[in-house]
Amino acid sequence: MSDGFSPTDLMQLAIEQARLAEAADEVPIGAVIAREGEIIAAAHNRRHRDADPTAHAELLAIRAAAAKLGDWRLEGCTLAVTLEPCCMCAGAIVLARIPTLLYGAADPKAGAVDTLYHLCGDDRLNHVVEVASGVMAEECGAMLTAFFRAQRAKGKK
């Protein structure tokens, strides 16, 4: 990877963000964005805390990276996220012109990169994203499974 990090290095940082979400009783999804050997943004889900349905880890990281760079085009960046992005987040990744996406676990209920939809690779759009899926998928998936099992035990959805 041209950003100076291995996919595993980036996913480990995204997992650290997911653990922060879990500690806050949020769905444990984390994201980091790297560019030119530097982590320029890191975020985790904050939907409950922010009372915002769009406060997904990917969107928060994209907003922070754009603010840091002073540009909405995140060219030269790599986004690593622990779960396959949904339609909203995959669309934002395309619109932000992020060239590379790494994700951990596939999302059979909402995945919009490879599972249900293929937004990041749709050449009808103005940007196509290079995707590496399954990076540390077992660890990412296990964290989500454990979280939702605990939520069900508490009587939450």
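**Close-up views of a predicted model**

**View 1. Helix α1 and its packing partners.** The buried residues of α1 pack against strands β1 (30–35), β2 (38–44), β3 (77–83) and β4 (100–105), and against helix α5 (137–153). This is a predicted model. The buried residues in question are Leu10, Met11, Ala14, Ile15, Gln17, Ala18 and Ala21. They lie on the same side of α1, because they cover an arc of only 160° around the axis.

**View 2. The length of α1 and the residue after it.** Helix α1 runs over residues 7–23, 17 residues in total. At 1.5 Å a residue, α1 should span 24 Å, and its end C-alpha atoms are 24 Å apart, so the two values agree. Just after α1 comes Asp25, with a positive phi of about 60°.

**View 3. The largest nonpolar core.** This core holds 49 residues. Which of them touch the most other members? They are Met11, Ile33, Ile62, Leu74, Ile93, Leu101 and Cys120. At least two core residues come from each of α1, β1, β2, α3 (57–69), β3, α4 (87–95), β4 and α5. Helix α3 gives the most, with six residues.

**View 4. The surroundings of Ile93.** Leaving aside residues up to four places away in sequence, Ile93 touches Ile62, Leu79, Pro85, Ile98, Leu101, Cys120, His127 and Val129.

**View 5. The largest pocket.** The volume of this pocket is about 270 Å³. Its lining includes Leu83, Ala105, Ala106, Asp107, Pro108, Lys109 and Ala110. Gly141, Leu144, Thr145 and Phe148 also line the pocket. Helix α5 supplies the largest share of the lining, four residues.

Key:
Residues numbered from 1 in each chain as written. Predicted model: local features only at pLDDT ≥ 70, side-chain atom pairs only at ≥ 80, totals over all residues. Heavy atoms only, no water. Expected span 1.5 Å × (residues − 1). Buried < 20%, exposed > 50% of the residue type's maximum accessible area, 1.4 Å probe, protein only. Arc of directions from axis to C-beta. Contact = heavy atoms within 4.5 Å. Core = buried A, V, L, I, M, F, W, Y, C linked by side-chain atoms within 4.5 Å. 1 Å grid on protein atoms, 1.4 Å probe; cavity = no way out; pocket = protein on both sides within 12 Å on 5 of 7 lines; lining within 4 Å. Points joined across faces, edges and corners; volume = space filled by probe spheres on them.
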